[in-house]
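Please look over the sequence and the coordinates below before reading on.

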Amino acid sequence: MAVERILKDEASEEKGERARMASFVGAMAIADLVKTTLGPKGMDKILQSTGRGHQVTVTNDGATILKSLHIDNPAAKVLVDISKVQDDEVGDGTTSVVVLAGELLREAEKLVAAKIHPMTIISAECARSALLQKVMDNKEDAEKFTSDLMKIAMTTLSSKILSQDKEHFAKLAVDAVMRLKGSTNLEAIQIIKKPGGSLKDSFLDEGFILDKKIGIGQPKRIENAKILVANTAMDTDKVKIYGARVRVDSMSRVAEIEGAEKEKMREKVQKIIAHGINCFVNRQLIYNFPEELFADAGILAIEHADFDGIERLALVTGGEIASTFDNPESVKLGHCKLIEEIMIGKDKLIHFSGVEMGQACTIVLRGASHHVLDEAERSLHDALCVLSQTINDSRVILGGGWPEMVMAKEVDELAHKTPGKKSHAIEAFSRALLAIPTIIADNAGLDSAELISQLRAEHHKEGCTAGIDVIFGSVGDMVELGISESFKVKQAILLSATEATEMILRVDEIITCAPRKREDRM
Amino acid sequence: MALAFDEFGRPFIILKEQEQKTRLRGLDAQKANISAGKAVARILRTSLGPKGMDKMLQSPDGDVTITNDGATILEQMDVDNQIAKLMVELSRSQDYEIGDGTTGVVVMAGALLEQAEKLLERGIHPIRIAEGYELASRIAVEHLERIAQKFEFGLSNTESLVQTCMTTLSSKIVNRCKRDLADIAVKAVLAVADLERRDVNLDLIKVEGKVGGKLEETELIYGIIVDKDMSHPQMPKRIEDAKIAILTCPFEPPKPKTKHKVDIDTVEKFQNLRQQEQKYFDDMVQKCKDVGATLVICQWGFDDEANHLLMHRNLPAVRWVGGVELELIAIATGGRIVPRFQELTPEKLGKAGLVREKSFGTTKDRMLYIEHCANSRAVTIFIRGGNKMMIEETKRSIHDALCVARNLIRNNYIVYGGGSAEISCSIAVEAAADRYPGVEQYAIRGFADALDAIPMALAENSGLQPIETLSAVKSQQIKENNPFCGIDCNDAGTNDMREQFVFETLIGKQQQILLATQVVKMILKIDDVISPSDY
């Protein structure tokens, strides 16, 4: 008797070896996709969206690339997910984590083909990650903190579009992060992108720049400003009592009500003015009428500052975000030395300088095109993330494939000591680790086989600091070259890559449900 | 197809639209049903035990779930066949009742069906098989009670509880840190357990997850975590000795339920209304302040103005907190949920030693911790992990562990795992079979064989020779008269499950056998399947 069909019509089911093959192939395809973007000489990808206008993004940020892909393979989705989490958690290493997971799976595939049960591979993997942490925990370096940060920033940036001016940008990023004083709240750093000029013209502004125009007829320059940051309706104040409506029987009544409304607004403006301010920033619209009133009182009124802008402004100037204005004496006003309109390119912006709380700052990026600016922003974001995480966890390790080499060596030693089938899997792990420096070298157009073997020989000595020097195409001393990475990033890469590999390896069956029917709107 | 004719030779219509229906009868129907049930069991078979594999499931929307929890796999599987749906139900009811052993129950049912098929082929009537199974299951359950051991634990001696939870967790992806998680689960259950009444309300344990970090960072919090932040960015991020007002009314002017209209036709009315409106907000905030609240948690949103007034009066607030969370907060802090501002009194405030906001990662993720509560009977398990699927699977694993710990508090009898209980039952049932004179004897023997399927699957999944291992263990059990020998899945070098500390709950095991038998009986009784054909 034929086995009945258990699943729904379009659902499919794949078992055992086939399922494992499907997930290996899918995951490795993803890893190969982003592989070429790894390292300082990695290449970029052009992504064209399917949305309206077919927007084009040029990037080499792993998370950005993977986010934009439409993927059907479930194992590939796991990899995309770890890359996303890496982005959220530490901000950098989004490519490395996928590549490492891909390499681990590639090695695992060989082992499975050699008839080693996946569970054996997994149990061996657990043993290794514990070891890795031990190896790297030794590297503590709390001194020379700023210079370390600088090095990390430069290493992060060197693989991005900003690599030409990496020193400039590294300095920008370090300065910005140092201003945060240990908080990881990157919202306080505002990035404004203005096309025009060159990347070198980008600068960090200690004050705060609001991408808004000053109302007409209002002062363009205010010294010793007292700022009221508000979130209130400055169009028509709605009556919020439920069910209220205006019912009138003649035109004159309409006029009266209108007058009352105007009066109400005037009162509100008076109350605001009574705070003794000379600058008023609102999150919502300001209608012409109140704007005029403000202009009359010589107050600078800025409307429609977005929510982030308001929050940052409140943070910078030390004021509070107000929505009622009945007791002026207890509202905390923000202060700054100078507000003025400045020009960047052909755009006018409002610049607040000499602010009280030095936490927030603004980075103005300049560049030839939107694509360049977008990519620059992403790169800078990566650097900022890494730096802010490093401030919390100040352990620093060397870069340029150094940590991979050290780990590979340790893991190899462990493999020699371990009896049983597990040792094969442990060895495979070390091979997967070696793949990362190999790919970096390959991407730089170097002879990877030669370089890696040299490197391995170097690392056989105690306390070696050698890594790949991509610029000269040789083995170099990473301490001298000043290439450093954050410990936290490396740790996160290792952990999530192993976790993901373990998950994929444990799968022996894939059941795909029938895709949900969608109304075709075309 | 059934056709009946009356005395004039005209056909009766028995089934409506008979041509469009497919129908299976008699032995064919039973065999088709059995094969469907077996197919489901076969899918789950490889997930059994500590070395069981996971399944990857892709939902209709393309989301990926990776799990080896039987109930979850079956629930997400998009099953179409009726009998297969019965198996899904079976696993679900085990999940509701016990929470663990959802895979085992399906594998057991599959094995019973397989035996039934053989018996059917020998011409035994399905009802007789069903009766035999019933008898056998009773024998097995009684035998389980005999070999079960009472085990003692107290608030200070939790080691044995932890061991049992570890057995459950060892088959999941989290087995890397099963010790930590088992500890967490046991502590959580003991924190909310009512040892007098021997009951645990699992609703008091909230399981919250957030991607990022690593599994080892999973922690137990004696308090509540809410995935919300303060309503105003400048409100304090840390409140000590908080007095919490828990509100289900919005900070908005009241909305009477009856329909009404306020007509404005004069300027005075307009102004009156405005003042009234301002007074509302003021009053509301003032009321909260008057009763001495230092934190407001509200189920609804606030108006901008109310928000600022709260901020202004130094009254931090959280908005849009879900109903379930609100209840948990109320339980944890010993407060009362207040539906109207007028009813706010100092006694109704909840108390917490510390409320703090914590931010995660590089994005704007913030969560609110409410800790050191007046009543520590509500706890939260906060899971971290490398990716979303990992978190989800950990949540399911923790849930299983919690259920096991709860079952032990309800009934502290245990049996030993690793298939030892099944093997022991199998021997007992086999021995008992000879005492029954009727045809049932065969069915009872079949049941004994089916019981062997679970240790067999365990051995197979662990990469051992299934038949060899099983027969070795079985003979050992009989020779040494030791019902605690099982399959050595972890390669620990001993067969005695007492030494390996592999426990399972007695009620969980009994329930597995009873539920599986019931479903199989039901499937065997079906002899006619009429279904609309699709084409």
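## Basis of the values

This is a predicted model, in which local features need pLDDT of at least 70 and side-chain atom pairs count only at pLDDT 80 or more, while totals for chains, interfaces and linings use all residues. Residues are numbered from 1 along each chain as its sequence is written, chains are lettered from A and ligands numbered from 1 in the order in which they are written, and side-chain values use heavy atoms, with hydrogens and water left out.

## Chain B as a whole

Along the principal axes, the C-alpha atoms of chain B occupy a box of roughly 95 × 75 × 45 Å. The chain contains 17 helices and 20 strands, these being DSSP runs numbered from the N terminus (helices are H or I, at least four residues; strands are E, at least two). Of its 535 residues, 57% are buried, a term that means under 20% relative accessible area with a 1.4 Å probe and protein chains only, whereas exposed means over 50% and partly exposed lies in between.

Where contacts (heavy atoms within 4.5 Å) join residues at least 6 apart in the sequence of chain B, 72% of them link residues at least 24 apart. Chain B carries 67 positive and 77 negative side chains, and the centres of the two sets are 3 Å apart; Lys and Arg count as positive and Asp and Glu as negative, with His and the chain ends not counted, and each charge is placed at NZ of Lys, CZ of Arg, CG of Asp or CD of Glu.

## Nonpolar cores

A nonpolar core is a set of buried Ala, Val, Leu, Ile, Met, Phe, Trp, Tyr and Cys residues joined through side-chain atoms within 4.5 Å. The largest such core has 185 residues, of which B:Leu247, B:Phe251 and B:Ile370 touch the most other members. Apart from it lies another core of 70 residues, which includes B:Ala41, B:Leu57, B:Val79 and B:Ile523.

Beyond its neighbours within four places in sequence, B:Phe251 has contacts that include B:Phe281, B:Met284, B:Val285, B:Phe302, B:Asp303 and B:Phe341.

## A three-stranded sheet

In chain B, an open sheet of three strands runs in the order β4-β18-β19 with antiparallel pairing, where two strands pair if DSSP finds at least two bridges between them. Its edge strands, each pairing on one side only, are β4 (149-150) and β19 (503-505) of chain B. Two bridges connect β4(B) with β18(B), residues 413-416, and B:Gln149 has B:Ile414 in β18(B) as its bridge partner.

## B:Glu117

B:Glu117 is found in helix α4 of chain B, residues 102-121, and it counts as buried because its relative accessibility is 17%. Not counting residues up to four places away in sequence, B:Glu117 touches B:Ile34 and B:Lys38.
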